[in-house]
Amino acid sequence: CLTMDPGTVNTKMLLAGWGPCGIDVDDANNTYKLATEYGKKQESGSYHFGWGSSSDVKSEERLKKMWDLLEQHTSCTYGDL
């Protein structure tokens, strides 16, 4: 399981409203790369922004905090996952 944030992409709508403050559409291929060979090499549970993976995936404390917050905000339990 991999998650990613494509960042800000210079779409027509962004350019019309805010101007060129993101990456070029031709460079917005993170989703494709995570779905192919690059993604196969990544650790499950890792989060990608640009090309780096977050170190939080290796922190038991941070992961526990995330699950606790999810349970608090959704009124669901995830202990069986």
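## Helix H4 and Met66

In this predicted model, Met66 is part of helix H4, which covers residues 60-74.

The structure contains one salt bridge. Asp68 is paired with Lys64, and the closest N and O atoms of the two residues lie 2.9 Å apart, which is within the 4 Å cut-off that defines such a bridge.

Asp68 and Lys64 are four residues apart in helix H4, so that about one helical turn separates them. Asp68 itself has a relative accessible area of 36% and therefore counts as partly exposed.

## The chain as a whole

The secondary structure of the chain consists of four helices and three strands, and these elements follow one another along the sequence in the pattern β-α-α-α-β-β-α.

The chain has 81 residues, of which 12% count as buried, and its accessible surface amounts to about 6,500 Å², with 56% of that area belonging to carbon and sulfur atoms. When the contacts between residues at least 6 apart in sequence are considered, 38% of them join residues that are at least 24 apart.

Key:
Residues are numbered from 1 along each chain as its sequence is written. This is a predicted model: local features need pLDDT of at least 70, side-chain atom pairs count only at pLDDT 80 or more; totals for chains, interfaces and linings use all residues. Side-chain values use heavy atoms; hydrogens and water are left out. Helices (H or I, at least four residues) and strands (E, at least two) are DSSP runs, numbered from the N terminus. Buried means under 20% relative accessible area, exposed over 50%, partly exposed in between (1.4 Å probe, protein chains only). Contact means heavy atoms within 4.5 Å. Accessible areas come from the Shrake-Rupley method with a 1.4 Å probe; for residues, only the protein chains shown count as cover. A salt bridge is a side-chain nitrogen of Lys or Arg within 4 Å of a carboxyl oxygen of Asp or Glu.
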